[in-house]
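Trainee: I have a model open and would like to learn how to read it. Could you take me through some of its features?

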Amino acid sequence: MLKIIIKKEFLSSVRDVRLQVSAAILLSLMITAVLVGKEGQRQIQKQREAAQSAMYDQWLNQGNKHPHSAAHFGQFAFKPKPILSFLDVGLDHYTGVSVFLEAHKQNEVLFSGAQDSNGMTRFGELTGALIFQLLLPLLIIFLAFNTFTKEREEGTLKMIHAQGLSMRTLLMGKVWGIYLMVLLLFIPIIFLAYLLLDRQSSSLDTEVTVKFLSLTGLYSLYFLLFVMMAVLISGFSKNSGFSLLTLLGIWIVACIILPKATTNFAGKLYPTPSQFEFRQAIKEKVKNGIDGHNPSDARLATLKQQVLDEYGVSTVEELPVNWGGIAMQAGEEYTDDVYDQEFSKIEQIFKQQNRLSEWMGFIDPYLAIRHLSMGLAGTDFNHHVLFARKAENYRRAFVKKMNKDMELNHKPGVAYADYNADKDMWAQVEPFEYHLPDTVSILRDQWRGMAALAFWLIILLIISVKYSNRISGL
Amino acid sequence: MFFTAYERGHPAFLSKIHQKYFCPGSRISFPGKFIKIAGFRLIILSKTIFIMLEAVRLSKTFDKHEALKSLNLKVSPGELFCLLGANGAGKTTTINLFMGFIEPTLGEVKINGLDVTRHAKETKKRLAYIPENLNLYGNLTGMENLQFFAGLGGTPTDKATATQLLTEAGLQKEAVIKRVSQYSKGMRQKVGIAIAKAKNAENLLLDEPTSGLDPEASNDFAQLLMSMRENGVAILMTTHDLFRAKASGTHIGIMKSGELIHTLKSSDISLNELERLYLETMKSTVYA
């Protein structure tokens with residue numbers, strides 16, 4: 001029975017000229033988004049790889065100098081453009097692409113796309129995510145808003161009712177018929193995207209495929225929710241106008257108003273300090289700590305005494321190691337603590353804001369899929385934090401290496417300018433590399449989004465099963 | 001119980017008895033109740049079990065308006081009962097009650113002895129329905145529409161059978177694969193008949209099916225009904241067309257203000273007498 005209804009729904013949709021036109025527009029938009037997005041991602045990644053490599057070359061070829069000067073010379077870490085980011089750019093535009101890594105200081109990731117863009121960026125880039133999350137649901141609404149009401153208005157529902165078919169079976173048939181039509185638009189595009197990955201990405205591996213399949217599955221579920229909701233609303237609406245208005249209202253609230261309201265509400269509930277306040281707090285704490293560059297620093301004097309006692313000597317000149325190196329590392333570790341505290345505070349605030357948005361997925365499935373999509377594409381806030389942490393760990397490691405070299409090899413009494421390390425020393429610092437987390441850890445982190453989609457599916461299934469027979473056949 | 005047995009099929013002689021004594025030409029094979037006493041199969045034949053469509057003291061009230069007042073009506077296999085009446089007389093309400101589209105306020109509606117309200121699914125299986133404006137899916141062909149509705153009715157129909165049914169219903173062969181949006185009303189009604197035939201239903205309900213049809217199409221339609229009636233289908237049809245009611249119907253009922261005023265056999269009255277009776281009834285409605 002279901003097969004008969006699915007076939008009819010599918011045929012009716014396929015033969016509807018208005019739907020043919022809107023589907024063709026959407027299809028061309030999707031193809032454009034995928035092709036342009038993939039090319040953009042490839043170029044950006046190429047640029048970042050080239051920049052990362054050039055910066056490392058610069059590091060290696062910085063010439064002979066004191067290791068602490070080399071720590072100040074610093075390095076750059078470039079955030080790789082994830083392979084799947086062509087489907088969802090997520091927060092990439094706002095989170096910056098590179099960070100300068102230097103001694104004493106944890107810099108922020110800078111040069112976000114939004115800094116170089118005009119106000120149009122706020123309207124979003126034409127990406128697969130924009131189409132899948134916003135436009136395809138809109139097409140679903142136009143496909144399904146009158147699926148029941150039109151039949152009721154034209155009297156065909158009465159004919160169906162006369163055949164003894166239950167409204168539940170009819171509803172399910174309509175849901176699957178329209179869903180099939182949606183998948184017919186979605187699957188070829190996603191397949192095309194996969195083919196593009198295969199050809200252009202040298203680093204295509206199982207992990208990317210798993211992420212890609214997860215993304216496909218979750219989007220398919222998201223579309224099913226919209227189809228079910230649209231068909232149910234059509235079933236319980238008195239006429240097509242009311243059904244369309246209700247569905248468009250839901251779309252506007254779910255896809256435009258609620259996400260914005262959630263962001264604003266999260267910002268009010270968990271306010272972030274201004275850039276000035278943030279920097280000022282760090283500056284104050286650093287000022288109160290150990291200053292490796294200041295020999296008259298009181299805390300440094302205490303540390304010096306501890307080191308002298310440890311080695312059983314009375315002056316730093318008698319130490320077998322370079323006191324300056326130890327002082328530098330101590331200062332470094334203190335500032336690291338300060339940065340850890342302040343950055344974790346701000347990270348915690350952003351995390352709380354994100355969590356709130358993720359929980360809101362139980363009210364608005366658009367928010368759920370948005371977080372899941374960004375997460376799997378590698379363009380969400382979590383990835384940014386992971387990259388920043390990885391870059392910071394790298395910074396600390398290479399600065400420590402420089403300080404250790406100073407401590408062990410810069411003999412006491414030798415002037416700062418007279419001790420230089422060379423390329424061999426610089427080469428001991430491995431190039432910066434960042435790898436995206438695996439699918440399991442992403443999905444574990446994004447469990448709220450998946451739970452929200454499952455919750456919506458269950459709710460809609462319950463309504464469909466329990467209340468569909470209340471749909472009037474007349 | 002009886003109808004369950006009926007569905008399972010029965011010996012040929014039962015069918016012969018039925019056809020010979022109760023309903024000549026009927027394809028219905030088992031009219032009686034089956035009992036087994038001391039190893040002998042006995043059949044209990046009763047007049048009541050021949051009633052396919054039955055309304056018992058049927059009333060329907062919409063808000064405060066009494067659309068139907070204690071209607072009693074019976075249609076047996078091979079009968080075509082025509083309900084005549086002015087607009088608002090309760091004809092369509094009667095059909096809607098038989099279809100289970102609305103529930104009675106009082107009384108019972110039975111199809112093959114089963115209460116429509118309590119056995120909605122079962123009774124619909126035994127019914128075919130053609131409304132005044134048979135609305136089909138415009139972007140599907142006649143054949144696709146037939147296959148869809150027949151499939152929903154539980155009788156999946158292949159292309160060859162669908163074509164045969166549609167052409168038998170009077171549709172041109174080339175029209176079968178045309179989209180219904182290009183069909184005239186008459187062609188749509190023919191598709192309706194083909195759907196009813198595909199469903200192989202024992203009962204047919206028609207709500208003013210010939211209104212708006214040209215005389216030729218109306219005549220074609222009447223011929224189709226006659227052939228279905230001859231095959232033992234019980235037909236209840238509402239109409240304004242006195243001539244068609246007299247020509248095609250076996251029984252005629254005249255309704256006014258929700259009441260069935262007259263029930264008569266078509267063979268017992270001439271067209272002129274029917275017209276006079278109808279007009280008198282209508283007038284009495286006006287002056288009532």
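Trainee: How many residues of chain A are in contact with residues of chain B?

Mentor: Keep in mind that this is a predicted model. Here, 20 residues of chain A touch 25 residues of chain B. The area buried between the two chains is about 2,200 Å², and carbon and sulfur atoms give 65% of it.

Trainee: Which three residues supply more than any other three of the area that chain A buries against chain B?

Mentor: Those are A:Arg15, A:Met159 and A:Gln163, which together supply 31% of that area.

Trainee: And how many salt bridges does the rule find across the interface of chain A and chain B?

Mentor: Look for a side-chain nitrogen of Lys or Arg within 4 Å of a carboxyl oxygen of Asp or Glu. Across this interface the rule finds one. Its partners are A:Arg15 and B:Glu144, whose side chains meet at 2.6 Å, N to O. You have already met A:Arg15 among the three residues that supply 31% of chain A's buried area.

Trainee: Which helices supply the side of chain A that touches chain B?

Mentor: Among them are α1 (2-15), α6 (149-154) and α7 (156-162) of chain A, each supplying at least two residues of that side. For polar contacts, the count between chain A and chain B is seven residue pairs, both residues at pLDDT 80 or more.

Trainee: Now to sheets. What is the order of the six strands in the open sheet of chain B?

Mentor: The general idea is that strands of a sheet pair through backbone hydrogen bonds, either parallel or antiparallel. In chain B the order is β8-β9-β10-β5-β11-β12, with mixed pairing. The edges are β8 (127-130) and β12 (259-265) of chain B; each has a single partner strand, so one side of each is left without a neighbour in the sheet. On average, neighbouring strands are turned by 15° against each other, direction ignored.

Trainee: In what sense do β5 and β10 of chain B pair?

Mentor: Strands β5 (residues 80-85) and β10 (residues 234-239) of chain B run parallel, joined over five bridges. To find the spot on screen, look for B:Cys82, which stands opposite B:Met237 in β10(B).

Trainee: Which strands of that sheet does helix α7 of chain B touch?

Mentor: Helix α7 (residues 185-199) of chain B packs on the sheet against β8 and β9 (203-207) of chain B, and its direction makes about 175° with that of β8(B).

How values were computed. Residues numbered from 1 in each chain as written. Chains lettered and ligands numbered in written order. Predicted model: local features only at pLDDT ≥ 70, side-chain atom pairs only at ≥ 80, totals over all residues. Heavy atoms only, no water. Pairing = 2+ DSSP bridges. Helix = DSSP H or I, 4+ residues; strand = E, 2+ residues; numbered from the N terminus. Axes fitted to C-alpha atoms, helices over the stretch in contact; angles between N-to-C directions. Contact = heavy atoms within 4.5 Å. Buried area = accessible area lost by both parts, 1.4 Å probe. Polar contact = N/O pair within 3.5 Å; in protein donor to acceptor, adjacent residues only side chain to side chain.
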